[in-house]
Each structure stands twice: as C-alpha cells, then as structure tokens.
Amino acid sequence: MFGYYLKRIFSAIVTLFIIATLTFFMMRAIPGGPFTREKALPDQIIAQLNAKYNLDDPVIVQYLNYMKGIATFNFGPSFRELGLTVNDLIRQGLPGSMKVGIVAVLMILVFGIPMGIISALKQNKPIDYTVMVLATIGVTVPSFVVATLYIYLISSRVSWIPITGLSNPIAFIGPAIALSGYSLSYVARLTRSSMLEVLRQDYIRTARANGLSETRVIGKHALKNALIPVVTYVGPMIAAILTGSFVVERIFAINGIGRYFVESVSNRDYTVIIGMTVFYAGLYIFMVLLVDIAYSFIDPRIKLGKRTGD
Amino acid sequence: MAKILEVKNLRTTFFTHLGEVQAVRGISFDLEEGDILGIVGESGSGKSVTSLSIMGLVDEPGRIVEGEVLFEGLDLTKLDQKEMSNYRGNEISMIFQDPMTSINPAFTVGNQLREVIMTHTGMNKEQAHQRALELLTMVGIPEPETRIKNHPYQFSGGMRQRALISMAIACNPKLLIADEPTTALDVTIQAQILELMRDLKTKINTSIILITHDLGVISEICNKVIVMYGGMIMEKADIISLFDNPQHPYTRGLMLSVPRNVTGKKARLIPIEGSPPDLMAPPSGCPFSPRCQHAMEICLKKAAPLFKISDTQEASCWLHHPDAPEVKGFVKVAGEK
Ligand SMILES: Nc1ncnc2c1ncn2[C@@H]1O[C@H](COP(=O)(O)OP(=O)(O)O)[C@@H](O)[C@H]1O
Ligand SMILES: [Mg+2]
C-alpha cells in the first residue's frame, strides 16, 4: 500500500515534468513574446526587457533555469504584472476561486446526487421528466448565459443581492450557480443512470427478498454501488472547479485565479502560463489520486495498486 | 399435516408496451409442512414468476392480476410492501439462481448477514455477529471467523451460494424458496448445495420449494413435484408416481429428453420438438398442444382440467377423459377433479 503511494507520487512528478516541458517549448514555438505590442516597442527596450528577464539566454538555459525554479515551487516573475511573481498571483487569486469553488462543489454534491436518485426512483414520472429537462438545460446552457441571466433577473432587481464581488455570503450564490450548473446537471444525470442500472441488479432483489426496508435497499445497497461512476467524474471535476473559471470570475468581478490563467495566455506571459498549468495539473493529479483512494473504500474489489476481478 | 402455503388460481401478467405477457396463468397448489416441492419445466414456463409472486417481488410492469397466496391462512397478496418485508427473510426466504450476481459486491459477507439478522430479530450487533458465525458454520463455510470479514469477490460461486443460503435461513424461515439454486454451479458443487439444503430442512425444520429445469435434481431431494408449462400446471404428483407413471405427454417428453443415468439404463435422448408458446398470445387450449403428438381437436380449443389420477397424482390432459382414444400408458379416469 505504501509502495503504491510512492509509485503514484513518482509517476505524478514525471507527469508534471512532462507537462511543464511541453508547455515551455510550445509557448516558445509560437511567434511573438511577452513584450509584443500592437504598437511595436523600440528594439532597444525589448532587448533590455529580454535581458532583464533572461529571455536572451539560449532556450535550453532558460529551460533549465525554469525547471530549477519549479522544483522549488518558485514559478518566477510575471512578465506583465509588474513587480509580482507567479506565486503572488496564485496566492492572490486562489482564495477567491477556492471559496466560490467550494460552494459550487457542495451544491453539486448536495443537489446533484439526490436529484439523480429521486429521478431514478420515479423513473418516467413527472418529477423525473422535470429533473431531466432541467439537467439537459444545465448541461447545454453555457455559464456566461447563466451568469448574465442571474444578474439580469435577480441581482439587478433585488437590491440586497450584490451583483459583483464576494462581499457577503449571498454574493456567492450567483457565481456558484454559474460555476456549478454544468457539473450539477451532469452529476444528476450520471447518478440517475447509474442508479437505474444498479436497481436492476440481482443483489437488489436479494436485499428485498431478505426483508430489508426500502430505505436500506436504496440508501445502502443500491447507493454505494451507484456512486462508483459518480466518484470517477467528481474527482477531476473538483480540481477543475476549484481552479476557477475565467468567464464566471470576469462577469462577477471576482479576483480569482481563472482570470490570470486566461489572461496570461493572451499576454504570452510565459511564466504565468507554465506556473498555472503546472499548478492545475498538480491539483488534478492529486484529485485523481484521491478518487483512487475513495474507490478502495467504495468498491472492495479494487485493492490499491491492482484490480482484482472475479 | 398442516398446509403452510396454498396458492389459489394465481395469475401474474406483465403489462409490457408490446402487450400483455401472461407469465402465470391460473395455477393452484398446496405445500404441506415438511414438503420439498419441486417445480420443474423448461425455461420460460413461469417458474420464477410463480416464486416471485409468492414473495411479492414481481417487478414492474408485472402484477398479480388474480388469485391468492395463503401463507398459514393469510393472503399475502393483500399485504403492502412494508408488511410483506416482515415476512420476507423472516418467515419466507428465497435464494436465487446466480450466486455471482445475487450478493452485493460492495459489502462484506458479515455485514450483509448481520443486517438480515438485526432487521428481523432486534439483536444488537455483537449478538448478530455471533449468530452470523453460527450460520456460516451451519452452511459449511470453513473458517467462519475469517470468512465473515471477506467481501463476496473473495468467495467462489459455491461459497457465495452458501453465504446467500445463510442469509435466507438466518431467521429460521418456515418456507424456503430456491429458484434454480444450483443451475449456475459446477456439477460437484451442485450436489453439495443440494445436500446442504436437505440437511438444513431437518435442522431448521423448514418446508422448501425447489425450482429447477432438471428432473435429476428433483428426483434427488423432492417428495412432490409440479410440472409447469406455458404458465400452467401440467402435472402434479408425488415423486414416486411421477417417475413411475408420468401421466402427461409433456412430463414424458421431459423424461425422455434427459439422460437417465439415475436408473443406469442407457437410452437415446429424444428432444421435444418445437418451442414453448408465446405468452403474449398464448394458445387458447392446452399450451403444449402444438408440440404434443397426441393432440386432439379439443386440446387446441380448451385446456384440460386437472384429472385426478390417484390420491397422489393429477394431470391436465384430455387423454384421461373417458371419451378420449386409448393411448398406451395413459389412465382413463371417470370424472374431472
Ligand atoms: N420483467 C418481465 N417482463 C416481461 N416478461 C417477463 C418478465 N419476467 C418474466 N417474463 C416472462 O414471463 C415468462 C415466464 O418467465 P419465468 O418465470 O422467468 O420462466 P422460468 O423461470 O420458468 O424460466 C417468460 O415468458 C418471460 O419472458
Ligand atoms: Mg427462472
């Protein structure tokens, strides 16, 4: 078991290394650089800037220096946000993104899973159709539409609901809805179909034949099996949601990490791009590892490190 | 002997979107205390639906449309699911065909077994654990102290069936229904499971309904038999009468189509030609008539009643009618039952 974790951590490091390397060289391969402007800067200034940020070193030297930095969690200075390092940007943006993200994740779990279960239990009844129509809308309507509608219909009319920022708890509602809409709907659909599948299984009939109450049959015997595919989806989803969303953070004027991520790409802010990518990839890999651990609790056939079948 | 179960004119139909599947079409039988009743018939003849109807476990879109299931005189079809769950696993238990899929993979054997015990007896967890160990020993699972902590995937098919049997008998049920409990198992394991059931019958003093498509299994442990076909009862007899003197062409067909190594005689296997009836539009007469070599005009129009051949044997075949032509081996009886 311990050996398994070592192996996983090692492979995570290798993966991160590859991701950082690929990102580094891909960014350099595209023409232009962080100091390219519409109105071209004088060559002299560019040369000075390049010298300041060591961008005039041979690429391989830049690469080695950069990897050294990453190894010590020092992602280097931002080329655009003057005086700030990538670490500063993450430190500034992460709390906002995380706070909204955590609310969104909680909403997904607290509403998405029960909605899926109820839908499955009432298959082809009005409540099932209602949930499924909502869920279909949820996965098809993009978050900026949800966010805009929310602002237009609610916060611009109800004076005590703030439109932007995260000044009080109520302000979280809008961004959390916009951020969770897709995944909440997806989780509801996934739970429903997984539950329907499980309810057809022979062991559910056995549980009933043994005289267990319907609450136990559903809440214990069916649910644990039905959650397996949901856990697979939810792990990486949490990583994606916690790292924020450019669109949602923009619309609700939240100071978050998602904004930096996207802006850095258009700004060709090399260090920010790679730093954010590595940070996101690290979080993602960590969540996948958590999913694996969660699996070994839910599905006993999966022993960490190996999968045993029948 | 007291009657523990009386099934009266049971009809169960599935209302599918393609039409009504009449899976069980008005069957009646009794089970006396201590009986091991075999229900035999080709697959699709309605055996499983019969047992699920008794348990009140017929799935949507199926429904009992007519008839009574009297357990110790009480009509179970009148109970709601909640009342019924007090009987299930407690007074009436059931084990199923496929032990690989019939046990929940997500919980340990001990967890599932204790749960059944605690649901019906009000024992606490510790007491239930002791009882669970007792049960595992009783069904012949070695090293129960270790095995109780195992998950089902660590059990072989035979061991899983034993574990499922231990859950079924946890509360000393008065009736145990086993739906093809050995069909999915290896031949050697089959014999062991049958042996176990025979053993348990005396130990916990339960009556058993054993469903199978295998006459060999019937001959090994049952004392009474019902032969089902197309959702109806073709023949009802005690074991000796049935094997000595089958009185329905379908029963005879079944016997000729299985190897008779029981008697040591070598005989050619003769399959029954044709296929079982479409229960969506069942023939109005005897369901077996399209495949029956003795079929007469009346057989196609009207299903025969159960003719009483002797005190221990009844058969639903017009050949027993006094006006029917003479066929070798078929007894004529004066009146319908
Ligand atoms: N859930 C269901 N929906 C529709 N038809 C069903 C269902 N379950 C069983 N049947 C039909 O009922 C008939 C009897 O089935 P069953 O009792 O399982 O047969 P047996 O156990 O004798 O092999 C079959 O024709 C089968 O197709
Ligand atoms: Mg069956």
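The shell around ligand 1 divides into five nonpolar, six polar and two charged residues; here Ala, Val, Leu, Ile, Met, Phe, Trp, Tyr, Cys and Pro count as nonpolar, Asp, Glu, Lys and Arg as charged, and the others, Gly among them, as polar. The structure is a predicted model, in which local features need pLDDT of at least 70 and side-chain atom pairs count only at pLDDT 80 or more, while totals for chains, interfaces and linings use all residues. Residues are numbered from 1 along each chain as its sequence is written, chains are lettered from A and ligands numbered from 1 in the order in which they are written, and side-chain values use heavy atoms, with hydrogens and water left out.

In total, 13 residues surround ligand 1, and B:G44, B:G46, B:K47, B:S48 and B:V49 are the closest (a residue is near a molecule if one of its heavy atoms lies within 4 Å of it). In chain B, β1 (3-16), β2 (19-32) and α1 each supply at least two residues of this shell, and α1(B) gives the most, with three. Helices (H or I, at least four residues) and strands (E, at least two) are DSSP runs, numbered from the N terminus.

For B:G44, a backbone N or O atom lies 2.7 Å from an oxygen atom of the ligand. For B:K47, a polar side-chain atom lies 2.9 Å from an oxygen atom of ligand 1, and for B:S48 a side-chain N or O atom is 2.7 Å from one. On its own, ligand 1 has 560 Å² of accessible area, of which the protein covers 67% (Shrake-Rupley method, 1.4 Å probe).

One residue of chain A makes a friendly example. A:P236 is found in helix α9 of chain A. Is A:P236 buried or exposed? With a relative accessible area of 18%, A:P236 is buried. The C-alpha atoms of A:P236 and A:L283 are separated by 8.8 Å, although these residues are 47 residues apart along the chain.

How values were computed
Polar contact = N/O pair within 3.5 Å; in protein donor to acceptor, adjacent residues only side chain to side chain. Buried < 20%, exposed > 50% of the residue type's maximum accessible area, 1.4 Å probe, protein only.
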